[in-house]
Amino acid sequence: MRAMKISLDIELKDIPGQLVHALKPISELGGNIISVLHHHNRKTPLGNIPVQVVFEIDERNVETLVQRLKRRGVSVLRVGRERLRSSKIVILIGHIVHSDIRDLIDSIDSTGFAEVVKLSLEMPAIDMKSSASLTISAVNEDKLNEAMEILGDVARKKGIMMISPI
Amino acid sequence: MRQSGKVVRITIIGFGNVGGCVAEVLMRRREAFIREYGIDFRVVGVADAKGVFVSEDGIKWDILRSFRERHSISRNTDMSALELIEDVEHDIVVEATPTNLKSGEPGLSHIIAALRASRHVVTSNKGPVALKYDELMNIADAKGVQLRFEATVGGAMPLISLIQNLEGNEVTAIKGVLNGTCNYILTRMYEEKIPFEHALREAQALGIAESDPSQDISGEDTAVKLVILANAVFHMKASLDDVSVQGISEITPEALKLADDAGYTIKLVGEVSRERLEVAPRLVLKGDPLDVRGTLNVATVKTDIAGDITIVGKGAGPKEAASAVLSDMLKICTTEKLR
Ligand SMILES: NC(=O)c1ccc[n+]([C@@H]2O[C@H](COP(=O)([O-])OP(=O)(O)OC[C@H]3O[C@@H](n4cnc5c(N)ncnc54)[C@H](OP(=O)(O)O)[C@@H]3O)[C@@H](O)[C@H]2O)c1
């Protein structure tokens, strides 16, 4: 299963039973509901209530879910995919001046499927090698490994040592 | 009561740290080997770079002891080491001359001569096994003798024996910390937050690192061990050029601190599988089986049926190598009908 966190914005009519009606397809498709937020204070001009549901589901079921919701008359405003599920840390050692670290981060962030979510830098002295730890997140394990390879290539070209987890 | 055992004649070619230590253990445990294994080892010849000492009935123990104490033999013949191997009747050749990773010599010629003369060979010398595994094994098979080399790989941990005992399993990968010197240096850098050079000097002062530590810290020593495993376990016909190698000299105390903050430590890890031959510093989770400290070595053998099996042992030193040589010798004695 390629679990993915989804936040779903829907509008429900302000009558009892609507929420259960809307949530049913999520559990039918193996989703795990994490939170449900009713925005009673933000009723729409037509009197509907905006609801945000956050849940985990296999990413391959997302399209089916949206179709089933629509068929049930639930109006789906937005499907937010919180895609970054797998993460890994790497350590870099070298003369990591600011431009270099920017390039390294960009090489990951520009992929669209991975990003650097945390960076710690230790610079002992101006002319000494710096060390950095980067936490990289990606949509799934395969993409994470792909991102690690991209980073490895960039690091190698810049003569920066990269230490990755076993 | 005097007990007697089956006489097994051996020669020790290369009488330095390892060869001398093998002789010492043979002297010290002589009675025990007779009692427990029914084997009476006799050293019929020893050789170092300066010459050969031979005695077909077995060199007297006090003579061997004096060689051991002087770290040098005095010769009693003009015979060369090769002639000793070929012409003096014996069962097992212990080859412990210096490792040469370019030509494998002089060990390679010694081992080939021994196998051709139908003698079993036990070696601690990585060169010949890493360079010419297939060729040597073919001669051994043709002559119906054994070539054993436990001491070349895992220090005191019986990695090769473990794998040989996993019959029925397919080994899919071996991953481990195979160099005690590097592990000592990284452990000290991690614990004391000291720079690499400082930890290296400390290791040298303690006799853990050699005065020329380049083979250890460059990762080459680990790479050679991987090549031996690749050939012996995975039948890969690999050579040193096939291994991607990165050493530890670039590692900073800050990197170890950052790793620590994230729950990791850094180890020089060697990894061999059909897809991968790599030596590199890697992040190892604290508490992982590979997280062993000091000069310890560790290896995890991945298998299809038995799952992961991990062994830990002291890294290579003369005593550990001698222990591995002795256990190979006893394996030969217990599996072969010696003449
Ligand atoms: N020491 C360890 O902890 C360890 C651990 C595992 C494996 N090994 C391997 O085991 C082998 C021996 O190591 P070591 O520490 O015992 O080395 P060592 O102390 O340098 O001893 C080498 C011995 O080989 C002799 N030798 C050199 N060239 C020779 C030749 N052409 N013919 C006959 N003898 C010759 C040397 O004689 P001279 O003294 O006259 O030069 C010396 O007696 C090496 O291959 C090493 O890589 C060592």
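**Cysteines, domains and salt bridges in the predicted model**

Cys333(B) is buried, with a relative accessible area of 11%. A disulfide is a covalent bond between the sulfur atoms of two cysteines. A search of the whole structure, over all chains, finds zero of them.

The domain assignment divides chain B into domain 1, made of residues 6-155 and 319-335, and domain 2, made of residues 160-315. Taken over C-alpha atoms, the centres of these two domains of chain B are separated by 28 Å. Where the domains meet, 15 residues of domain 1 of chain B are in contact with 20 residues of domain 2 of chain B. About 1500 Å² is buried between domain 1 and domain 2 of chain B, with 60% of that area on carbon and sulfur atoms. Charged side chains also take part, as two salt bridges are counted between domain 1 and domain 2 of chain B.

H12(B) is mostly covered, since 14 of its 15 residues are buried. After the helix comes His235(B), whose phi is positive, near 50°.

Side chains of opposite charge can pair when their charged atoms come close. Over all chains, the whole structure holds 34 salt bridges. One of them joins Asp103(A) to Lys158(A), with the closest N and O atoms 2.9 Å apart. This pair links distant parts of chain A: Asp103(A) sits in helix H3 (residues 98-109), while Lys158(A) lies in the loop between helix H4 (141-157) and strand E8 (161-163), 55 residues apart. Asp103(A) is partly exposed, with a relative accessible area of 37%, and Lys158(A) is partly exposed too, at 28%. In chain B, another pair links distant parts of the chain, with Asp221(B) in helix H12 and Lys126(B) in helix H6 (residues 126-131), 95 residues apart. The closest N and O atoms in the salt bridge between Asp221(B) and Lys126(B) are 3.7 Å apart. Both Asp221(B) and Lys126(B) are buried.

An α-helix has 3.6 residues a turn, so residues three or four places apart point the same way. Lys257(B) counts as partly exposed, at 33% relative accessibility, and Asp261(B) is exposed, with a relative accessible area of 54%. Elsewhere in chain B, Glu271(B), Arg276(B), Glu278(B) and Arg282(B) are joined into one network by salt bridges that share partners.

Key
Residues numbered from 1 in each chain as written. Chains lettered and ligands numbered in written order. Predicted model: local features only at pLDDT ≥ 70, side-chain atom pairs only at ≥ 80, totals over all residues. Heavy atoms only, no water. Disulfide = S-S within 2.5 Å. Buried < 20%, exposed > 50% of the residue type's maximum accessible area, 1.4 Å probe, protein only. Helix = DSSP H or I, 4+ residues; strand = E, 2+ residues; numbered from the N terminus. Domains from an automatic or database assignment. Contact = heavy atoms within 4.5 Å. Buried area = accessible area lost by both parts, 1.4 Å probe. Salt bridge = Lys/Arg side-chain N within 4 Å of Asp/Glu carboxyl O.
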